[in-house]
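The tour goes stop by stop.

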Amino acid sequence: MGFRARLMVVVFTSVVTAVAFYLIRSSLPISPIVELTLTVPNTVPPSHAPPAGMVWIPGGEFSMGMEDPTAMDCGGPDGMADARPIHRVYIDGFWMDRTEVTNEEYRQFVHATGYVTVAERIPRQEDFPDAPPENLVPGSIVFTPTPEPVPLQNHFLWWEYVKGSSWSHPTGKDSTLEGRENFPVVHIAYEDAVAYATWAGKQLPTEAEWEFAARGGLSGQPYGWGKDLKPNGKWMANIYQGQFPMRGSADDGYVGIAPVSQFPPNPYGLHDMAGNVWEWCADLYHPDYYATIAASSAVIRNPQGPSVSFDPAEPSASKRVHRGGSFLCSDQYCTRYMVGSRGKGEVSTGSDHLGFRCVKRLR
Ligand SMILES: [Ca+2]
């Protein structure tokens, strides 16, 4: 083959290669960048019907965590560095409660067992050595709207320890659950949630299970339902509207807590995975956990959280993960209804915007 012939073959081959590459690229449904973040669900269904009130979450491989939201529309002021790096995680499939555990469900547990929640117990002086004895009375923390705008750096301005408040007296000793049977149970400390789950033959979700479930099969989206906070102008979760922390405006239908299932479910059939009340997860909280595990493996299987908790804002407190945000979250202050974001709380502290839901594993 002469030089000219070899050149023609090279040109022809290059043209064929370029055309083939173009045809292959143009037939791909997504860009390679998006492809890297796809959720790959398990395809084997469970062998038996779902337990009452639960849905099957297939598990599989997904990208956990989120980008810095501060540059996004409605992303809020917090960069949420603890939700990075985004990393690949594999989890086994499991069942999950469709809704947060309700007051009526928790009442059945207390009726059957006589369980007394942390908020109903007399605080011990040895646990609170600096507290005056007269303050060692049962109670919990209740959101108290301010009469006027306040700086958002001091959350003590809108949280009040209310004596006598508990899961069955959500705003104080004179309040009751009448008409609130289908609301999420609140004023639940971590051990109160574990006690219920154990009684029900269930568990609390790991943080990875919770996020996989909340994403509903989507990937790389800021919200469990997609890219927009309000698709077609419609609120998708019970969060906060108005000047925080003054009394809200209820554009989404609710100034405060809402009954469960008032907003559309995600593709897995789960309600209220964003907003309404925060939900306990089983994992201890550490802001560097993602960075630690992402450095060790390409895909982390069934992560269980760090072995010790740490929050630089309260170094001596033992904290576990909260997820989902609450009716008090908005882009003025806290956008942790965004699906990849993380929250945390001291394990003995409940409040009137913190509840939980359970999972049930096959193994
Ligand atoms: Ca609301």
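Predicted model: local features only at pLDDT ≥ 70, side-chain atom pairs only at ≥ 80, totals over all residues.

Is N276 buried or exposed? N276 has 33 C-beta neighbours inside 10 Å, and the cut-off for buried is 20 or more, so N276 counts as buried. Now check its backbone: phi is positive, about 65 degrees, although N276 is not a glycine. The residue sits in the loop between helix 5 and strand 8.

Stay in that loop and pick N232, which also lies between helix 5 and strand 8. Its phi is positive too, near 55 degrees, and N232 is likewise not a glycine. The surroundings are another matter: N232 has 5 C-beta neighbours inside 10 Å and therefore counts as exposed.

Next, P245, again in the loop between helix 5 and strand 8. Show the peptide bond that joins F244 and P245: it is cis, with omega about 0 degrees. Then jump to P85, in the loop between strand 3 (60–64) and strand 4 (87–91). The bond from R84 to P85 is cis as well, with omega near 5 degrees. Most peptide bonds are trans, and most residues other than glycine have a negative phi.

Now select helix 5, residues 207–215. Nine of its nine residues are buried, so the helix is largely enclosed by the rest of the structure. Among them are W210, F212, E209 and R215. Step on to G216, which follows helix 5 and has a positive phi near 60 degrees.

Finally, zoom out. The protein chain has six helices and 13 strands. Of its 363 residues, 39% count as buried. Of the contacts with a separation of 6 or more, 72% link residues 24 or more positions apart.

Notes:
Residues numbered from 1 in each chain as written. Helix = DSSP H or I, 4+ residues; strand = E, 2+ residues; numbered from the N terminus. Buried ≥ 20, exposed ≤ 12 C-beta atoms within 10 Å, placed from the backbone. Contact = placed C-beta atoms within 7 Å.
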